[in-house]
Structures are given as C-alpha cells and as structure tokens.
Amino acid sequence: MELSYKQRVSKTIVYIILIALTALLQNTEGLFLEIGPARCFLLLPVCIIIGLGEDEKVAALLGLFGGMLWDLSSPAHMGYNAIFICIFCFISSSLVTYIIRDTFITSMIFSITAIFVYSILYWLFFIIFKNIKGAELSLFYFYLPSAIYTAILTPIVRICLLPIKKRLNKPAKINFSND
C-alpha cells in the first residue's frame, strides 16, 4: 500500500525537522561532545540513513538540504557539503531501491563509507591542495579521529532513527465497514 499525499508531506516535514535539529546540534559549538580535537559529523549518517528506503529524488533533496545547512556554518567551502551529501544520498538510495535491501549492515556500510570518503576528500581538496604548511598531519589528528568518532556513533543514530522511519512509513488503515 502506498502512503497518502498527507502522509508523504508529514513524513517529509518530520525528516526536514530532524535534519535541521541535527545540523543545529552538530554546528553549534558546545551542544555535542567533542573528544579532543575530534568532532562528530552527524549530518552524514543522519541524511544517509533517512534517505535509505526513500525515492532517489527525495533522498537527494534531503541530502542537499542537510549539506546546505552544514555549508551555512562553514566560511571556506560553500557547496561542498551540499553536493557531497546529495550525491551520496542519491547513490545509496538508488542502490537500496533497485539492488540491495535496507538492512542494518547496508546502512552502516553506506554511512561509514560516506564518512571516511568525506573526510579524506575534504582533507585533500581544502587542506592539501591549498598548500598549507604542516597540514599533512591534520589527517591524523583531526580528520581520521573525527571520522572514527562519527563511525562509532552511526549505529546509535540508526537505532534512534529506525522507529521514526517505521512509524512514518506505515500507511493509514482504511475502514470499509459502514458502521
């Protein structure tokens, strides 16, 4: 059974609110625990896990929204987060829609892959290619620890989001009796 238009709209609104709250939690200093120099990139697993099981266009737009919220708080690289999360959400949603089932392992593989690819590409594009002196070591003291920290929290994110996704994806029951 398909969801009604009202259910699809309310589901999208709930997802947008969840992504906005995650962006607020991630991008506001002091709201989320930082372990040493490592920060948690919560928007990556949240957008990908929410996007899994959704239509590819919806997943891409949710990823684009999450990335744009992340880009709003970063002064140097406007658009990188939006493009990266949008593409990764689109690819993972497409694979789940047509090839793979949406399971715990699938969401962990997509999320953790996205986290490490994001960290390494960010380090290459915005640290190494700018020829910042001594920036090579930032991979080991900031980007990889942040990726590991985020990867460790990814199962907790999935466990928290799964009941919400299940609740929002239940179609309304239609009563055919004339009582």
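Is K165 buried or exposed? I looked this up before anything else. K165 is buried, with a relative accessible area of 6%. I took buried as under 20% relative accessible area, exposed as over 50%, and partly exposed as in between, with a 1.4 Å probe and protein chains only.

The model is predicted, so I kept to its limits: local features need pLDDT of at least 70, side-chain atom pairs count only at pLDDT 80 or more, and totals for chains, interfaces and linings use all residues. Residues are numbered from 1 along each chain as its sequence is written, and side-chain values use heavy atoms, with hydrogens and water left out.

**Salt bridges**

I counted a salt bridge where a side-chain nitrogen of Lys or Arg lies within 4 Å of a carboxyl oxygen of Asp or Glu. By this rule I found three salt bridges.

I looked at K165 and D102, whose side chains meet in a salt bridge at 3.6 Å, N to O. K165 lies in helix α6 and D102 in the loop between α4 and α5, so this pair ties together parts 63 residues apart in sequence. Helices here are DSSP runs (H or I, at least four residues), numbered from the N terminus.

D102 also meets R158 in a salt bridge, at 3.9 Å, N to O. R158 lies in helix α6, so this pair ties together parts 56 residues apart in sequence. I noted that R158 counts as buried at 8% relative accessibility, while D102 is partly exposed at 31%. Shared partners join D102, R158 and K165 into one network.

I then checked K11, which forms a salt bridge with E54, the closest N and O atoms being 3.0 Å apart. K11 is in helix α1 and E54 in the loop between α2 and α3, 43 residues apart. K11 counts as buried at 9% relative accessibility, and E54 is buried at 7%.

**Helix α4**

The buried residues of α4 include Y80, F84, I85, F88 and C89. I found that the buried residues of α4 pack against α2 (43-51), α3 (56-72) and α5 (104-128).

**S146**

I placed S146 in helix α6 (residues 138-168). S146 is buried, with a relative accessible area of 0%. Leaving aside neighbours within four places in sequence, S146 is in contact (heavy atoms within 4.5 Å) with P37, A38, R39 and F41.

Technical notes:
Helices (H or I, at least four residues) and strands (E, at least two) are DSSP runs, numbered from the N terminus.
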